[in-house]
There are 2 protein chains.
Amino acid sequence: QMPRGNLETIHHRALVLAQLRKWLDSLKFKDVFECMRKLRINLNLIYDHNPKVFLENTELFLKQIDSINYINLFLTELKEEDTTKTMYPCPSSTASKPATPGTGGKKVDIVCDALRTTMESLDPQKYCLCILTAHVKKTTPELETALQKVHELRVNPPSEANTVSAEEALKYLLFLVNVNELYEHSLGTYDFDLVLMVAEKSQKDPKEYLPFLNMLKTLEPNYQRYTIDKHLKRYKKALHHLSKCGEEHFTEALNLVKDQRLYSEALELYPADSPQYKVLSVAYAEYLVEHQQAEQAGLLLWRCGETARALQAFVSCTSWRHALAVATQIPLPAEELALLARDLAEKLIELRRHTEAALLLEQYAKDCEEAISALIVGAAWEEALRLVYLYNRQDIIETNVKPALLEAHSTQMSFLESQKALFTRHKNRLAVVREMKEKARLELLDEDGPDCPDAELFSEASSVMTGSHLGSKYSRSNSRISARSSKNRRKAEGKKHSLKEGSPFEDVALLHALTQIIHVVDKMREEVHSLLKALVLFQYDKQACSLQQDYSEILQLIETAIPEIWHEGLQQTQTPVTGPNSTANSIMASFHQQRLSSVSQADSEALSPPKMRSSVKWKLCILK
Amino acid sequence: QMPRGNLETIHHRALVLAQLRKWLDSLKFKDVFECMRKLRINLNLIYDHNPKVFLENTELFLKQIDSINYINLFLTELKEEDTTKTMYPCPSSTASKPATPGTGGKKVDIVCDALRTTMESLDPQKYCLCILTAHVKKTTPELETALQKVHELRVNPPSEANTVSAEEALKYLLFLVNVNELYEHSLGTYDFDLVLMVAEKSQKDPKEYLPFLNMLKTLEPNYQRYTIDKHLKRYKKALHHLSKCGEEHFTEALNLVKDQRLYSEALELYPADSPQYKVLSVAYAEYLVEHQQAEQAGLLLWRCGETARALQAFVSCTSWRHALAVATQIPLPAEELALLARDLAEKLIELRRHTEAALLLEQYAKDCEEAISALIVGAAWEEALRLVYLYNRQDIIETNVKPALLEAHSTQMSFLESQKALFTRHKNRLAVVREMKEKARLELLDEDGPDCPDAELFSEASSVMTGSHLGSKYSRSNSRISARSSKNRRKAEGKKHSLKEGSPFEDVALLHALTQIIHVVDKMREEVHSLLKALVLFQYDKQACSLQQDYSEILQLIETAIPEIWHEGLQQTQTPVTGPNSTANSIMASFHQQRLSSVSQADSEALSPPKMRSSVKWKLCILK
């Protein structure tokens, strides 16, 4: 026999954990707890091993442990981490553990609440300190509830012996929580007894806190609470209490609202027909206008009767329907209304919203000529004609409509011409770039292909030099587009690759440019259709024919080109390179290599073929 | 020594072709031609070997051959096929051949025209028959030109000896072309001498053709040509000649136009201000209305002054702007105009074009109440309010606007609820279906994987049983959607896979359904924004808040789900199954197998993630 030594106190952790799991499965919490404590194993495992079983057996747990200190120890050691995954992974059956019950929630909170509820139902006095711990340990500590419980102990001291006194409880709390924090939270209960109790226990100088507390005591209750809330930076609560303090404090409330931007909250605290509501609305509106939300400002002003200000807000954001509604409600004198309409119409024309501008000019400024002119500029031919006949101004057809039609025709023709040329140029260049890249790719595969010792290694190395990365040695900073506003940022993102010949990602840039052209051309269907009809109506059949033919041709060109440009292998990776000499490694290498040439989100959009709205019929069958 | 035999007359084709190519390269056409003729090698090779060189040396070719018969032989043997690609592929340098010069065009036409031009410049009389052959052999034989040349020979017989007579030329033509065809074409020249010449040579009975020719001779020239054109079924030419025959023949012309649907052509033949133009326009319009092109009919009628009919046409297709323009031009009495406006408004409301309906009701029917009501039904809140204030009818706000707002709110809320539920259900089901398929795929690979003798075979076999084809044993006819109109066809196509659990392609069907929901929900941005503003305006802040929150939630839900549903490996094929046991064959098998589960065009659309219009801002910042 070997001599006995210290060996028996050395425990193999795996064996220990196996034993602990067995015990946990048979609900031997006492054995588990003592063993863990002795061997310094993280107590979280008790819960983590099987959360469901633990939560179903909290009472058994508490009764087996049966020690305030041990329970407090367990509670204070709780962490969000799942120890079965980090410190003590179970070797077998990794996936067998059922998911945590309940709707997620945080583990610490779940355990604290479960144990606290059980303790409160078993014996709240016995478990007093544990209950306090459970409150304090939550992810957002419930200090006020804990303080409230201490306060209750003080007001109604428990009659039985062996129970915890308010004194002891407070001491324990101060042991768990920073004293200043506890003091602040005691203030938050608005309970001066509690505050004094905490303050006395703390190391604070009474000269510091007594004057403040005494001042508070002189205040009207709501204003007192407001003052405390403000002191604690609980501004929403502060506003709530201040709003109950009557009109004399309204200016203070308004300042608080402005300082803390509590506009929405403030509006809920005052009746909609009160003068305060109106003042708050105006303040909110001012804030909104400053922050580019004039339309919402207008809504707030209008609904509280501040029509003049509302009008201003609506005009500033060209919310013309609302502006005119308010203007007629005020009501604005006829001349002013007409002026307003002209102003708004001008803005709308700048925004290329000609039909709306025309409505304003026609109905509010009573100027049918200007209205028709706006419609002609906006190529709203049908609506222009409707007004021409409505106001019996057929003379305008000869003087304005017909010349505008012919001009629109020639503009469209030359635009189509330029788009067609650009499209063809980009398409041809893309074919060239692709051929170059494919050649470079195959050359590289030829060099290292079949005998490559490590496919993984190879693919990583190659990605730097081939595929879309070909030529990434050139600087990528030659894109000079500056994203002026957030609105333009997306656009700019699409353009970040340069179209310059030989630039890296030139193929992606070309795809972007082609997509852009396709969208622009496809978008013209409605406009072309309407122009064709107007041309036919005024016997410009020859012009209509040429436009129809040209547009038809470019659409046809694009439709034929789309499957060529966005060929099948573009989104799906291409078939791996195989052949008589290929090996598993060489195939995987070519596969990986293609995957690594994958590109960013914006780029991958360019990789999917743009959709044409072929359901939008624009052709006139009467034109050949 | 071996006895000599027939061996020397046997030629190895490859050797012969090599020799021919050498000769062709050194432009020895004579040698080439005779060799080819003797060994029955297709003469097309002379051109196909190098089209550019041949076209540049036509004169040399003609001079070397120097035989009318040989040239004719060459011309008649011409075929569209490229013999260097089909019959006589060149073993070396397959890609070295330069592309055919010129803008494509058909080979036969190119050669015929090239040779003919050269012959005409060299000696038109000598090559007379060859020139005729070149005309006749073109893809669309130029019979009339050939006939014309024969006719010239007859009128101006060549003075020199040894030249071809008209007689001989005609005989030769009849040898190349069917006699009836030639007779018809001779008629088409309107030249009776020529017709008689051909007719005499033909086997036709003079009793058959003479009366017809004599009758034709009595006619006025244009009418004569019309009669011939009609006889030859050349209706466009017929119409052209008939239009020159004066008013008394207009009815005949109109009937021809109607029979042959030559409306566009006819309109070009008459001045726009003529009565015939108007009659033709009316006829065309009737035809267009019958063929569901009422708007274009309306345009034709309006421009020729047929306002009443134009009005009818515009009304029938709800082209309301044009309808009202015509109506005011007529001008319709006020009451009738109001009635017309109401009719059109009703149609527009059916088409859910409420804003346009409101304009009609307001401006033409002078009924602001109905107009506002239409706007409320169409949820055009801003426009409704504009009219409410314009007509000083604030009472409508309480009676109609507010109840409608609250109803719209609850409708939207429950719609969002239902979409959310459906989306979640489909998404969860998709996860289940995918897991099942992946399991089936891996099981199959496990079975036959590494030792599979023929990857190609394996992949084909497996495609029947796995991947997206899992369960294809079920009938696919359970889709009960019938494509009613071509407009719905695309939609129906997307729905062709059944959502029924366990149906084949259930995953694709689920993707389609999810895409559909996403589009519907994303489309609501504008409507929700406008409703939110209206709710806020009338102090329904609570309702606005709940709507904003619910809509925000479902958008968030979708945005989070999109990358899960359309994960990276969906469009690109997934990574091939690899591992320590994998071989080149097994990898390729898994790769092929994935590719074979690729689906139709409509399905592949479902495979790309739908785009959300996140640039459309709909939230109100004043709502929490």
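Q: What makes two residues count as being in contact in this predicted model?
A: Contact means that heavy atoms lie within 4.5 Å. By that criterion, Ser186(A) touches Leu147(A), Asp191(A), Leu194(A), Val195(A) and Val198(A), residues up to four places away in sequence being left out of the list.

Q: Why is Ser186(A) called buried?
A: Buried means under 20% relative accessible area. Ser186(A) has 0% relative accessibility and therefore counts as buried. Ser186(A) belongs to helix 11 of chain A.

Q: Why is Lys149(A) called partly exposed?
A: The class of partly exposed residues lies between the limits of under 20% for buried and over 50% for exposed. Lys149(A) has 26% relative accessibility, so it counts as partly exposed. Lys149(A) is located in helix 9 (residues 143-155) of chain A. Leaving aside residues up to four places away in sequence, Lys149(A) touches Glu120(A), Ile131(A), Leu132(A) and His135(A).

Q: How do you know that the span of helix 13 of chain A is close to the one expected?
A: The expected span is 1.5 Å times one less than the number of residues. Helix 13 (residues 206-218) of chain A has 13 residues, for which 18 Å is expected, and it reaches 18 Å from its first C-alpha to its last.

Q: Which residues of helix 13 of chain A are buried, and what puts them on the same side?
A: The buried residues are Tyr209(A), Leu213(A) and Leu216(A). They cover an arc of only 55 degrees around the axis, and therefore lie on the same side of helix 13 of chain A. An α-helix has 3.6 residues a turn, so residues three or four places apart point the same way. The buried residues of helix 13 pack against helix 11 (179-188), helix 12 (192-201) and helix 14 (221-231) of chain A. On the face turned away from the buried side, helix 13 of chain A carries the exposed residues Lys207(A) and Thr218(A).

Q: Why is Arg352(A) called exposed?
A: Exposed means over 50% relative accessible area. Arg352(A) has 60% and so counts as exposed. Arg352(A) is in the loop between helix 22 and helix 23 (354-363) of chain A. Its phi is near 60 degrees, a positive value in a residue other than glycine.

Q: Why does Arg40(B) count as exposed?
A: The limit is over 50%, and Arg40(B) has 74% relative accessibility, so it counts as exposed. Arg40(B) lies in the loop between helix 2 (29-39) and helix 3 (44-48) of chain B. Although not a glycine, Arg40(B) has a positive phi of about 55 degrees.

Q: What is the make-up, by class, of the contact of helix 29 with helix 31 of chain B?
A: Helix 29 (residues 506-523) and helix 31 (residues 541-565) of chain B pack at an angle of about 145 degrees, with their axes 11 Å apart. Leu511(B), Leu514(B), Ile518(B), Val521(B) and Asp522(B) in helix 29 meet Tyr551(B), Ile554(B), Leu555(B), Ile558(B), Ile562(B) and Ile565(B) in helix 31 of chain B. By class, this contact has 10 nonpolar, no polar and one charged residues.

Conventions: Residues numbered from 1 in each chain as written. Chains lettered and ligands numbered in written order. Predicted model: local features only at pLDDT ≥ 70, side-chain atom pairs only at ≥ 80, totals over all residues. Heavy atoms only, no water. Helix = DSSP H or I, 4+ residues; strand = E, 2+ residues; numbered from the N terminus. Buried < 20%, exposed > 50% of the residue type's maximum accessible area, 1.4 Å probe, protein only. Arc of directions from axis to C-beta. Axes fitted to C-alpha atoms, helices over the stretch in contact; angles between N-to-C directions. Nonpolar A, V, L, I, M, F, W, Y, C, P; charged D, E, K, R; others polar.
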